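Open the model in a viewer and follow the selections below in order. Each stop gives something to select and then says what is there.

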Amino acid sequence: MTLGKRRTALMAAGLAALLSFTAACGSSGPSGAGSGGVTAWGLTGGDEQTMRKSFEQAKIDGQFFGNDAYKQKIRSAVGANQAPTLLFSWGNGGMLKSWVDAGKVMDLTPEVQKDPTLASRYLPSVAETGKIDGKTYAVPNNGMQPVVIFYNKDLFNRIGAQPPKTWDELMALVPRFNQAGIAPFSIGGQSKWPLLMWEEYLVDRIGGPEVFNAVAANKPNAWSDPAIIEANRKIQELVSANGFINGFNSIATDSNADTALLYTGRAAMYLMGSWAFPTIKKADPGFITDGKLGWTTFPTVAGGKGNPDDIVGNPANYWSISANATDQQKQAAVDYLRTGVMNDSYVDSLLASGSVPPVNGIESKLAKTEDPEYLSYVYGLASKAPNFQLSWDQALSPGQADALLNNLGQLFLKQITPEQFSANMNATIGK
């Protein structure tokens with residue numbers, strides 16, 4: 001995958017998954033330790049240790065896989081009706097939707113109606129990503145990863161500037177940093193997926209969430225929406241103004257080379273998911289303890305329809321329950337989702353690892369952490385967000401996601417125009 005950090009630390013985006021399955025005798029689903037118990041698969045990294053601990057307490061048979069390995073394994077298992085009891089996903093994107101359309105996962109809405117706290121304990125913007133057509137099919141299992149602008153306070157002080165609140169202010173900073181020999185923005189262009197964060201935010205700020213909702217709904221010519229074309233013009237204007245570090249297309253995010261440019265003083269700003277904070281903390285803890293790291297939201301765009309409180313990124317990762325599990329397995333899995341996931345010890349474990357749980361009413365817990373200012377900021381962003389947009393490459397089908405990243409790569413290199421980008425992407429609708 002090239003969704004490197006965001007998917008593994010989440011992915012950074014990453015997370016955990018579970019064990020290899022064996023088919024239960026007389027059952028279409030896998031059994032836990034041969035006893036008909038609950039099984040689960042998810043991703044390695046991220047909040048895996050928290051999950052492992054909760055599995056042990058709930059006697060769930062779980063195994064964790066790398067991102068690509070998990071996606072291949074779960075696709076085959078679901079197709080063969082041999083899925084684990086608990087299925088790991090990124091929410092209401094292509095993967096979960098395909099399971100729902102094929103009747104492969106359990107509709108949890110009746111369980112929510114029995115006990116609303118199954119969904120209502122989560123922040124609304126995050127709980128919503130577990131729904132498809134108004135019905136709940138998945139609930140969060142780990143921390144949130146909104147995308148923010150990180151910035152180097154020392155470099156801003158050097159030119160006597162403040163972080164941008166509007167797109168015009170952002171563009172005005174570009175020549176000032178360049179004249180001071182500082183790259184305005186770091187970005188890992190070689191990995192392609194970091195480019196998507198610019199597209200997601202600009203489209204939202206200009207046109208609001210309805211623009212991508214039309215794309216996700218496969219509406220004809222949805223990629224030709226004026227907001228998408230305008231967003232891509234602004235991206236190319238930023239590239240033309242030398243808004244990104246020279247050679248950005250050869251920088252890989254998976255090696256954290258783009259992150260290092262921020263704390264080593266070569267780049268002033270960095271648009272990235274919240275997992276960049278622990279990455280910086282591990283690589284250069286003094287950069288944080290000395291107060292040199294700042295963070296802010298993506299700027300507004302003049303005349304834009306989007307709400308400035310909207311955010312993009314990964315609301316969380318999610319658990320669904322296999323429709324092919326036995327009644328006993330389904331009930332045990334529901335009980336786990338009610339009492340085993342995001343209970344007090346689960347939340348405390350996530351916070352200790354620097355992850356922000358998408359649970360209502362944890363402000364007092366956040367205040368007691370090692371990094372209360374930052375973690376409270378992330379929590380506040382998600383708490384007040386009218387819309388928390390799931391990363392487009394997870395919301396779309398795999399084929400569309402690949403085409404999107406490839407076309408973005410060409411757009412940033414100015415090999416195609418905004419109009420050509422839209423035409424190319426319109427050709428993927430429904431595929």
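Begin with Ala40, whose bridge partner in strand E3 is Leu86. The model is a predicted one.

Now widen the selection to the two strands, E1 (residues 39-43) and E3 (residues 86-89); they run parallel and are joined by two bridges. Next, show the whole sheet. This is an open sheet of five strands with mixed pairing, in the order E2-E1-E3-E12-E6. Which strands stand at the edges? They are E2 (61-65) and E6 (139-140); each has a single partner strand, so one side of each is left without a neighbour in the sheet.

Then select helix H16 (residues 327-339), which lies across E3, E6 and E12 and runs at about 155° to E12.

Stay on H16 and pick Arg338. Its side chain meets that of Asp115 in a salt bridge (3.4 Å, N to O). Arg338 lies in helix H16, while Asp115 is in the loop between helix H5 (109-114) and helix H6 (117-120), so the pair ties together parts that are 223 residues apart in sequence. Asp115 is partly exposed, at 26% relative accessibility.

Go to Asp204 and Arg205, whose side chains meet at 3.3 Å, N to O. Are these residues buried or exposed? Asp204 is buried, with a relative accessible area of 7%, and Arg205 is buried at 2%.

Move on to helix H12 (residues 226-240), where Arg233 and Glu230 lie three residues apart, about one turn of the helix. The closest N and O atoms of their salt bridge are 3.9 Å apart. Arg233 is partly exposed at 39%, as is Glu230 at 27%.

Finish with the largest nonpolar core, which has 140 residues. Select the residues with the most contacts inside it: Leu86, Phe150, Trp198, Trp223, Trp319, Leu337 and Phe412. Then show helix H10 (residues 193-207), which supplies the largest share of this core, nine residues. In soluble globular proteins, nonpolar side chains tend to be buried together.

Definitions and conventions
Residues are numbered from 1 along each chain as its sequence is written. This is a predicted model: local features need pLDDT of at least 70, side-chain atom pairs count only at pLDDT 80 or more; totals for chains, interfaces and linings use all residues. Side-chain values use heavy atoms; hydrogens and water are left out. A nonpolar core is a set of buried Ala, Val, Leu, Ile, Met, Phe, Trp, Tyr and Cys residues joined through side-chain atoms within 4.5 Å. Buried means under 20% relative accessible area, exposed over 50%, partly exposed in between (1.4 Å probe, protein chains only). Helices (H or I, at least four residues) and strands (E, at least two) are DSSP runs, numbered from the N terminus. Two strands pair if DSSP finds at least two bridges between them. Contact means heavy atoms within 4.5 Å. Axes are lines fitted to C-alpha atoms, for helices over the stretch in contact, and angles run from 0 to 180 degrees between N-to-C directions. A salt bridge is a side-chain nitrogen of Lys or Arg within 4 Å of a carboxyl oxygen of Asp or Glu.
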